[in-house]
Amino acid sequence: MSQPSWFTEAHQASGSSIGYRVEKLLHAEKTPFQTIEIYQTTDWGNLMVIDGCVMLTSRDNFLYHEMMTHPALFTHARAKRVVIIGGGDCGTLREVLKHEEVEHAAQVEIDERVTRLAEQYFPELCESNHDPRAELLFIDGIKYMAEAEPESLDLIIVDSTDPVGPAEGLFNAAFYTSCYKALRHGGILVQQSESPMAHLELIKSMRAAMRTAGFSAVKTLPFPQPCYPTGWWSCSMARKGGDLAGFRERGALSKNFSTRYYNAEVHKGALAMPEFMREALGE
C-alpha cells in the first residue's frame, strides 16, 4: 500500500460500517484459531483486526480497557485475586495491575499470537506483562474456569471477542456457572457485552444467563468506543452476593494512578442507564 487506502469493517447487524485510512499492512497471519492483521493508520495509530473485525487501535483502546476494569475494581471491597479470560492485547491486565490491592492477576488467552503481536505493535499495553503479580497463560479459558478452585477468586473479567468462534462458549449459563463457583462471596464477574444500540437482545440473554447461574445483581454500563460497531459499547457486571448500586467513590476520587477516561464522576454516570435500555432490560 504505497498510497493511503481504507480498511472497512461492515457490520451487518446494524447496517453500518466503520473505516480507517491506512498507510500499510504491518503484519498478517493465520493462527490455529483466527486470522490476525495489523495495520498502520494515518490518524489512529496501529490497528489490530481479527477475522475481519476491529479489535483495537492505539488511539482509543483506553476507553474500553479502563471501563472493563476500574468500575469493577472500585466496586469490590478489595480484589486480591483476578482472572482475565481473553484480553490477549494485555491492556486489561495493565489496568488491573494499577490497583495495589491486587496480589495476583492471571490472563488466560487461548491464542498466544495475539499477545506476541501486541508486544510488538502495542508495547504500551504490555508494560505490566513482567509484573511479578502477573501470570500469562495460553490455554482455553472455558476449561480453565470449569476447573478453577471453588471460591478462590475476587474478580473475573471476560475480555473476549464477539460471541462467535473461540469466544462463543463465553456467553452462556454454563460458563457463568463456572465463574460463579470460582468467585468468593461478594466477587464480581464483568464481561464485555457489545453495543446497546445493536445488541440489546444479546445483552438481555447474557443478563438472564448470569441470574440463572446464581448471581444476585447484574448491571450494564455503557461507554463510548469509536472503533466498535455503532461507536458505543458496554460491559455487564454480575455479583455473587450483595448489589452493584454503589462503589468506593472515595477510593476512585483519591486513586494514585493515572487514567485517561475513568474517574469517579464517569463511574457514576455509567451507572445511570439510558431510558431505552432501562425499558428493554427491565430496570
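Helices (H or I, at least four residues) and strands (E, at least two) are DSSP runs, numbered from the N terminus. With that naming in hand, we can walk through the structure. This is a predicted model, in which local features need pLDDT of at least 70 and side-chain atom pairs count only at pLDDT 80 or more, while totals for chains, interfaces and linings use all residues. Residues are numbered from 1 along each chain as its sequence is written, and side-chain values use heavy atoms, with hydrogens and water left out.

Let's start with helix α5, where you will find G141. UniProt, in an unreviewed entry, places the feature "binding site" at Q34, E109, D140, G141 and P166; such annotations may be inferred rather than shown by experiment, and UniProt positions are given here in the numbering of this model, with feature names shortened. G141 has 8% relative accessibility, so it counts as buried; buried means under 20% relative accessible area, exposed means over 50%, and partly exposed lies in between (1.4 Å probe, protein chains only). Leaving out residues up to four places away in sequence, G141 touches I85, V108 and F175, where contact means heavy atoms within 4.5 Å. D140 belongs to the loop between β8 (134–137) and α5 (141–146). D140 counts as partly exposed because its relative accessibility is 33%, and it touches V108 and I110, again without residues up to four places away in sequence.

Now look at helix α6 (residues 173–182), which holds S178. S178 is buried, because its relative accessibility is 16%. Beyond its neighbours within four places in sequence, S178 is in contact with M145 and A146.

Next come the nonpolar cores. A nonpolar core is a set of buried Ala, Val, Leu, Ile, Met, Phe, Trp, Tyr and Cys residues joined through side-chain atoms within 4.5 Å. The largest one has 43 residues, and those with the most contacts inside it are L47, V82, V96, L155 and I157. A second, separate core has 24 residues, including I85, A106, A182 and V218.

Let's turn to the strands. Two strands pair if DSSP finds at least two bridges between them. Strand β12 (residues 232–239) is mostly covered, with seven of its eight residues buried. Strand β10 (residues 183–192) runs antiparallel to β12, and five bridges join them; Q192 has C235 in β12 as its bridge partner. Strand β11 (residues 217–224) also pairs with β12 in the antiparallel sense, over eight bridges, and here P224 stands opposite W232.

Finally, follow the aromatic rings. Rings of Phe, Tyr and Trp (its six-membered ring) pair if their centres lie within 6.5 Å; planes under 30 degrees apart count as stacked, over 60 as edge-to-face and the rest as tilted. By this rule there are ten aromatic pairs. Y20 and W44 form an edge-to-face pair, 5.5 Å centre to centre with 75° between the planes. Y20 lies in strand β2 (residues 16–30) and W44 in the loop between β3 (35–41) and β4 (46–50), so this pair ties together parts that are 24 residues apart in sequence. Y20 is buried at 3% relative accessibility, whereas W44 is partly exposed at 23%. Elsewhere, ring pairs link Y64, F223, Y228 and W233 into a cluster.

Charges can join rings too: a charge sits over a ring if NZ of Lys or CZ of Arg is within 6 Å of the ring centre and within 35 degrees of the ring normal. R59 lies over the face of W44, 4.3 Å from the ring centre, and the charged end of R260 sits over the ring of F62, 4.0 Å from its centre.
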